[in-house]
Amino acid sequence: MQTKVKYNVILFLFVSMVLSPITFFMCSATESGDESSKLYIVYMGSLPKVASYSATSHHLSMLEQVIGDSGVENSLVQSYKRSFNGFAAILNDQQREKLLAMEEVVSVFPSTNFHIQTTRSWDFLGFPQSIKRDQIIESELIIGVIDSGIWPESQSFDDKGLGPIPKKWKGVCKGGANFTCNKKVIGARSYGNAEENARDEAGHGTHTASTAGGREVLGVSFFDLAKGTARGGVPSSRIAVYKLCGADGACTGNNILAAFDDAIADGVDIITISIGSDAPLEFFNDPIAIASFHAVEKGILVSHSAGNSGPSPSSTSSVAPWLFSVAATTIDRQFIDKLVLGNGKTLVGRSVNTFPSNGTKISIAKDSCSEGFDETVVKGKIVLCELSGFEESAFQSGAFGIVSSVELNDVSFVTQMPSVNLDSKDYVLVQSYTNSTKSPVAEILKSEIFHDTTSPRVASFSSRGPNSLVLDIMKPDISAPGVDILAAYSPLSPPSGHSGDTRKVNYNIESGTSMSCPHITGIVAYVKSFHPDWSPAAIKSAIMTTTKPVNGTYNNLAGEFSYGSGNANPRLAVDPGLIYNITKDDYVQMLCNYGYDNGKIKQITGDNSSCRDASNLTLVKDLNYPAIVISVAAETPFNINFPKKVTNVGSNNATYKAIITPIPNVKITVEPNILSFKSLQETHSFVVTAVGRVGSRQTEFSSSLVWSDGTHNVKSPIIVHIK
């Protein structure tokens, strides 16, 4: 499973990062002893139209005037410098008044719990409850969820108002004892050790199912955090559950194949699977690649989580071109937490900590996690850990709370005790205070919501490309919200994932590409409700070519190797203008070029499909993918052609012009550069040619091809990758 700490996401926290252009100091301090310090937003109006203006430098200079040199970087949380001017900082009342008196400042106000809706992610994607939709058609769509089961009693799966089960449904309800299907959850199966028990013990499957297709539920929150309406992408759709993962998150390849086998035959329209391997496997040594090939062959699109092994390059295991591989991004709602030290400094970190402090300062234990916990030393105290992942041990040892240090601090995890993750520089401040104070104390406040205007940003944990199996095929394909997502949950699973956590919840906050994947599933279903006859590749193309931009990459990777084509944009995806279609025969020829012979191809396809020519790995790039990867050697001249074809799905008479974003030392041309269509479903071919020579100082360059008719802008990423 591709989600949070209990599914091994925690590994990403130990990898070093390169900060994005918009500096994000998520752990902040004030140098004054004023304990009333809190997070403020300083609004400065529009950005100056001066090329040399540096917003961040200006903001730091302003803070120096009111705080002093030593506390500036600890106070600044974020600079706003893209669409307006301003910053967020930890300030006390006196500092706030000084900033407010400055001529360039418009206003200074507290950063409060701005967002009140639960599944904020859908609104953030531009997909409000009021969006145009056909509930009758949506109710005919069946989403197959291959995961850890489901909690059928959740309000998110209520069937009130739904009509009869679609006649095309051929599945069964074998959820086990006391498991009842309805007109929402119309089917349930289980495999392996979970035989005849489709009830979710891990919470993971319930979360993903409700994100993709859950009903609208009012007044949902997580202990009063993120209050609002929970809903999936297509609330009127039906859900069929295929449980093959237990409470420990373990899933086996054989059960994956069994689940796909049933789902395809049962009549599902879309499959969502947030399960992955540790490393990419050859196409037909990979149960998910194998099963999804046959699903796509039957017209069933499969959305798949990219994995949680980022930000390392080539870390995604979702590499088959027929899979819709999904990366994770942030939304504009974040959960932050504050640590107030006894000396008055306030540090801002991350966690989903639901425990109120009530103004009580707790002693800090002068004990190290690396040396193990001495219960006599840590009981009832706050412990410090230079690495994350020790919360459960601290809890079992009787500690009151825990403060940890992490390198990539862009995710908030649900905690079973008062807890906060700090950036390493602020963690050092806590250590220094603790070691220099006779009786160090601190207060871990309850988490609050922070509005992030730099989102969407790619999550540090999200697995990256390039595609280690087929470099010519861009992976991941797309990105969607996967950080701090509130959705339905199983009360059998503790919200923090730790056995000592006795709380039971119906909705929980989780992070991972497991959360982004069902967002794309919901969007796929939405697009399919408008275009039920479109192929999986056509729907995939529509979503990939109509995206919104994403911030952040890490490790100097091309952005597209981090977040794919961009953040999905459901409104535009239903009317993309042009689509890059891929047929079964196209995939077969790609496999031929990859190296599979006629015998294997005929076995895979079950028909007379055969290879037109001998295998040629350099021709894998000819697959009609809606993205181009130009793989070249450094300091070596190249001249590469990419044949493509697009089908008109916009208006009867349309003329599209090609627009190329230039790349240094690479000339990219399109022939022809104008495509004129006289009717719908008309197809035109073109060739993209890349000529040039690049050095070895940078490993990737990004460009794009946009076909525009003035209304539609059909955008395909172009990545030059230096081998």
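Start by selecting Asn358, which is exposed, with a relative accessible area of 69%. (Exposed means over 50% relative accessible area, buried under 20%, and partly exposed in between, using a 1.4 Å probe and protein chains only.) Asn358 sits in the loop between strand S14 (346-349) and strand S15 (362-368). Strands here are DSSP runs of E with at least two residues, helices are runs of H or I with at least four residues, and both are numbered from the N terminus. Check the backbone while you're there: phi of Asn358 is near 55°, a positive value in a residue other than glycine.

A quick word on ground rules: this is a predicted model, with local features needing pLDDT of at least 70, side-chain atom pairs counting only at pLDDT 80 or more, and totals for chains, interfaces and linings using all residues. Residues are numbered from 1 along each chain as its sequence is written, and side-chain values use heavy atoms, with hydrogens and water left out.

Now jump to Asp224, another non-glycine residue with a positive phi, about 75°. You'll find Asp224 in the loop between strand S7 (217-222) and strand S8 (225-230).

Next, go to the loop between strand S20 (448-451) and strand S21 (478-481), where Pro466 is found. What kind of peptide bond joins Gly465 and Pro466? A cis one, with omega about 5°. Stay in the loop between S20 and S21 and pick Pro476. The bond from Lys475 to Pro476 is cis too, with omega near -5°.

Phe324 belongs to strand S12 (residues 324-329). Is Phe324 buried or exposed? Buried, at a relative accessible area of 1%. Show its neighbours, leaving out residues up to four places away in sequence, and you'll see Phe324 touching Leu301, Val302, Ser303, His304, Asp477, Ile478, Ile520, Val524, Lys540, Ile543 and Met544. A contact here means heavy atoms within 4.5 Å.

For a contrast in distance, select Leu486 and Ala542: they are 56 residues apart along the chain, and their C-alpha atoms are separated by 27 Å. Leu486 is in strand S22 (residues 485-488) and counts as buried at 1% relative accessibility.

On to the annotated residues. The unreviewed UniProt entry lists Asp147, His204 and Ser514 under "active site". They span 368 residues in sequence, yet no two of their C-alpha atoms are more than 9.9 Å apart, so they gather at one spot. UniProt positions are in the numbering used here, feature names are shortened, and annotations may be inferred rather than shown by experiment. Of the trio, zoom in on Asp147, which lies in strand S5 (residues 142-147) and is buried, with a relative accessible area of 1%.

Finally, zoom out and colour by secondary structure: the protein has 17 helices and 32 strands. Its radius of gyration is 26 Å, close to the 27 Å that the globule rule gives for 723 residues, so the protein is as compact as a globular protein of that length. (The radius is taken over C-alpha atoms, and the rule is 2.2 Å times the number of residues to the power 0.38.) The C-alpha atoms fill a box of roughly 80 × 65 × 45 Å along the principal axes. Of the 723 residues, 61% count as buried. Among contacts between residues at least 6 apart in sequence, 74% join residues at least 24 apart.
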